[in-house]
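Thanks for coming. Please look at the screen while I go through one model.

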Amino acid sequence: MAMPNRTSVTWLTGKIPPATVDQLRADVLDSAAEMVREIQAHVPEYARPEERYVQALRTGVEFALRRYVELLDQHVGRGRGPGDDDSQPINWRELYQAVGEREMREGRSLDALHAAVRICARVANRRLRAFAERHALPPNAVAWLAEAIFDNTDDVARASAEGYAQAQEAEAGELDRRRRRLLDLLIADPPPSMTALATAASAAHWQMPRRLAAVAVAAPAPIAQPPVLSPEILAAFDHSQPCLIVPDPKGLAQVRALVNGLSQHHAAVGPAVSPVDAGKSLRWARLALDLSAKGLIPREHIIWCGDHLASLAVFQDQALLATLAERRLAPLARLRDDKRELLADTLLAWLKFNMNANEVAAHLHVHPQTVRHRLRQLGQLFGSQIRDPDLRFELEIALRAEHARHLRTKAAVAH
């Protein structure tokens with residue numbers, strides 16, 4: 001704490017007579033009620049009428065007065081005042097830091113505290129001047145104490161600001177931990193109960209939405225700097241498989257937040273689900289990333305699973321898909337690779353374009369007659385199954401998987 005310099009002129013000139021010291025000490029301690037009234041009259045944050053708030057304010061004022069008395073006792077060489085116990089001296093810096101921390105916990109800014117401290121200092125100095133006049137003391141006899149009171153005001157401001165900042169940092173860290181626990185709970189398997197989620201969400205100060213979506217992020221490792229996202233989005237970028245939880249994923253604000261925040265990342269947004277199904281949404285989002293990497297759905301900056309539900313439903317089981325492809329594409333197995341790929345692409349296009357040879361020709365950039373020639377070959381290989389509606393559905397799935405396999409093979413060769 002800032003203390004008066006014993007070499008300063010105020011220590012060499014006028015002194016308070018010993019007989020007057022106890023009277024000044026009593027006058028300082030008697031100013032508590034006046035300070036409380038002034039603070040409540042001028043600082044709205046401390047004007048609450050409830051007894052517990054009034055008592056807390058008075059306790060704070062009395063601590064401030066004890067500081068002033070301590071300065072007075074030190075000045076006259078008395079050490080601790082009469083009636084003080086034998087406990088350790090007060091660490092005023094720690095005390096003021098604790099006051100700043102309490103203000104943050106109570107949800108108040110430091111402006112109210114600093115205003116209250118200034119009011120205490122003004123009241124103390126006003127009473128000090130009045131005391132000096134009543135006892136005919138020279139001005140410099142109490143000037144040192146007035147200066148010390150204002151020095152103490154600065155000390156309070158600095159120490160309380162330190163405590164406030166430390167409390168903010170600690171609370172932010174704890175809130176981050178609670179939000180992380182909430183995210184982990186949302187995506188847990190088996191899924192949590194709604195009661196457990198509500199409790200965790202309340203602890204994390206997170207508004208539970210009616211619908212949410214999980215986002216799977218295929219980010220480069222390590223991530224140098226996590227993206228800046230809306231505060232209501234829960235994020236876990238240090239997971240081995242980074243993910244997000246996004247409330248109201250169809251809202252325009254959230255869409256913009258994802259598009260802008262994930263501009264440097266490849267991600268998939270799972271279907272919107274109830275909170276207890278967040279794990280399912282994440283599982284589908286991760287499947288979408290996997291299918292995108294295999295060429296089974298388009299690779300986009302952000303994949304919206306809602307646009308690919310059929311593909312997600314069909315391609316969930318890769319082993320089953322491989323078995324289906326092997327069975328349905330058996331007629332092509334004995335062909336050369338180039339011939340196999342040519343006929344497979346033609347058949348897939350024919351199924352996708354509703355068996356319209358002209359549209360298939362335009363898509364493949366060949367003459368319609370060429371398409372018809374290939375289709376005759378396919379008819380010979382597959383027989384009637386290519387016109388069976390149920391088999392055509394399985395055949396298209398198998399052909400899409402085969403097409404993706406060809407693309408991956410070509411990409412691997414190119415690299």
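At the start of α14, which backbone nitrogen does a side-chain oxygen of N356 reach? That of N358, to within 3.0 Å. This is a polar contact, meaning N or O atoms within 3.5 Å, one able to donate a hydrogen and the other to accept it, where residues adjacent in sequence count only if both atoms are side-chain atoms.

The model is predicted, so local features need pLDDT of at least 70 and side-chain atom pairs 80 or more, while totals for chains, interfaces and linings use all residues. Residues are numbered from 1 along each chain, and side-chain values use heavy atoms, without hydrogens and water.

Back to α14, residues 357-364; helices here are DSSP runs of H or I, at least four residues, numbered from the N terminus. A357, V360 and A361 are buried, that is, under 20% relative accessible area with a 1.4 Å probe, protein chains only. They lie on the same side of α14, because they cover an arc of only 100 degrees around the axis, taken from the directions to the C-beta atoms. The buried residues of α14 pack against α13 and α15, with contact meaning heavy atoms within 4.5 Å. Just after α14, H365 has a positive phi of about 60 degrees.

Next, the cores. A nonpolar core is a set of buried Ala, Val, Leu, Ile, Met, Phe, Trp, Tyr and Cys residues joined through side-chain atoms within 4.5 Å. The largest has 45 residues, and M35, I39, Y46, V61 and Y68 touch the most other members. α6 gives the most to this core, 14 residues. Apart from it lies another core of 35 residues, including I245 and L291.

Conventions: Buried means under 20% relative accessible area, exposed over 50%, partly exposed in between (1.4 Å probe, protein chains only). Helices (H or I, at least four residues) and strands (E, at least two) are DSSP runs, numbered from the N terminus.
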